[in-house]
Amino acid sequence: MTPKPSPLRIGLTGGIGSGKSTVSQMLQARGAAVIDADAIARSVTAPQGAAMVDIARSFGAAFITPEGALNREKVRAHVFSNPQAKDALEAIIHPLVAKETQRQAQVALSAGYLTLIFDVPLLIEAGSRWRAQVDRVLVLDCLVETQIQRVVARNAMSREAIQAIISAQASRAQKLSAADWVIYNENISKESLQEAVAQLPIRTR
Ligand code: ADP
């Protein structure tokens with residue numbers, strides 16, 4: 001009997017519109033389990049989310065929507081001009097996201113998945129906090145102009161709003177220097193992207 005290969009943990013990252021959701025679906029279709037860090041962060045700050053009692057205590061009712069969720073717009077404006085508030089918010093949210101991420105990873109491992117994809121938009125920005133939890137970092141790269149065009153088409157956001165998000169994220173060069181694997185998702189069809197994804201040496205059952 002050949003020994004079962006050990007599970008492979010891949011951090012999937014890239015700027016907004018680089019193709020993370022698209023590629024994570026393709027990896028899922030190849031048999032990997034996908035853990036979506038953004039969805040987890042949203043769930044802990046949704047009504048009745050695990051972070052909401054502490055957020056209400058630290059920030060006050062002004063930052064909570066009538067439904068009981070984190071008021072993202074308000075908090076974004078507040079932390080923009082107040083780095084200490086950003087640290088306080090992250091100190092509440094990050095441990096809860098880490099806990100839920102680990103829980104989902106454990107569920108996937110128990111179910112026998114041999115590749116776990118951690119879809120983490122801000123993996124590079126998080127420094128060692130995420131890097132230490134993955135074996136490989138897969139970066140999706142494309143031109144900034146392409147990011148803008150894709151997100152304009154997808155979300156009907158203004159160029160300026162998307163540009164502001166991109167400027168607040170790590171640069172392409174910073175992401176590329178942290179990558180083990182890179183897919184250049186520029187000027188290629190989804191079929192070609194799929195072929196690039198098919199080449200990745202992931203482990204499947
Ligand atoms: P992210 O999750 O990184 O924000 P998405 O995977 O949602 O990015 O991709 C952004 C948009 O661009 C989506 O509408 C997606 O369908 C489209 N897209 C991504 N890659 C390609 C590609 N190679 N060809 C055509 N459209 C693409």
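Colleague: Is Phe63 buried or exposed?

Modeller: This is a predicted model, and in it Phe63 has a relative accessible area of 13%. Buried means under 20% relative accessible area, so by its value of 13% Phe63 is classed as buried.

Colleague: Which geometry does the aromatic pair of Phe59 and Phe63 have?

Modeller: Phe59 is buried as well, with a relative accessible area of 14%. The ring centres of Phe59 and Phe63 are 5.9 Å apart, and there are 75° between their planes. Since planes over 60 degrees apart count as edge-to-face, the pair of Phe59 and Phe63 is edge-to-face.

Colleague: How are the rings of Phe118 and Trp130 arranged?

Modeller: The structure holds two aromatic pairs, and Phe118 and Trp130 form one of them, with ring centres 5.9 Å apart. Their planes stand at 50°, so the arrangement is tilted.

Colleague: How many residues apart in sequence are the parts that the pair of Phe118 and Trp130 ties together?

Modeller: Both Phe118 and Trp130 are buried. Phe118 belongs to strand β3 (residues 115–119), whereas Trp130 belongs to helix α6 (residues 128–131), so the pair links parts whose separation in sequence is 12 residues.

Colleague: Which word describes the orientation of α4 and α5 to each other?

Modeller: Two packed helices are described by the angle between their axes and the distance between the axes. For helix α4 (residues 72–80) and helix α5 (residues 83–110), the axes come within 6 Å and cross at roughly 130°. An angle over 145 would count as roughly antiparallel, and 65 to 115 as roughly perpendicular, so α4 and α5 are oblique.

Colleague: How many nonpolar residues does the contact of α4 with α5 have?

Modeller: From α4, the residues Val75, His78 and Val79 meet Pro83, Ala85, Lys86 and Leu89 of α5. By class, this contact has one charged residue, one polar residue and, as nonpolar residues, five.

Colleague: Which residue lies over the face of Tyr113?

Modeller: The distance to the ring centre of Tyr113 is 4.6 Å, and a charge sits over a ring if NZ of Lys or CZ of Arg is within 6 Å of the ring centre and within 35 degrees of the ring normal. The residue over the face of Tyr113 is Arg205.

Colleague: Which residues is Ala178 in contact with, leaving aside its neighbours within four places in sequence?

Modeller: Ala178 is in the loop between α9 (172–177) and β5 (181–184), and its relative accessibility of 28% makes it partly exposed. Its C-alpha is 9.2 Å from that of Arg131, although Ala178 and Arg131 are 47 residues apart in sequence. Beyond those sequence neighbours, the contacts of Ala178 are with Ile124 and Val137.

Terms used. Residues are numbered from 1 along each chain as its sequence is written. This is a predicted model: local features need pLDDT of at least 70, side-chain atom pairs count only at pLDDT 80 or more; totals for chains, interfaces and linings use all residues. Side-chain values use heavy atoms; hydrogens and water are left out. Axes are lines fitted to C-alpha atoms, for helices over the stretch in contact, and angles run from 0 to 180 degrees between N-to-C directions. Helices (H or I, at least four residues) and strands (E, at least two) are DSSP runs, numbered from the N terminus. Angles under 35 degrees count as roughly parallel, over 145 as roughly antiparallel, 65 to 115 as roughly perpendicular and the rest as oblique. Contact means heavy atoms within 4.5 Å. Ala, Val, Leu, Ile, Met, Phe, Trp, Tyr, Cys and Pro count as nonpolar, Asp, Glu, Lys and Arg as charged, and the others, Gly among them, as polar. Rings of Phe, Tyr and Trp (its six-membered ring) pair if their centres lie within 6.5 Å; planes under 30 degrees apart count as stacked, over 60 as edge-to-face and the rest as tilted. Buried means under 20% relative accessible area, exposed over 50%, partly exposed in between (1.4 Å probe, protein chains only).
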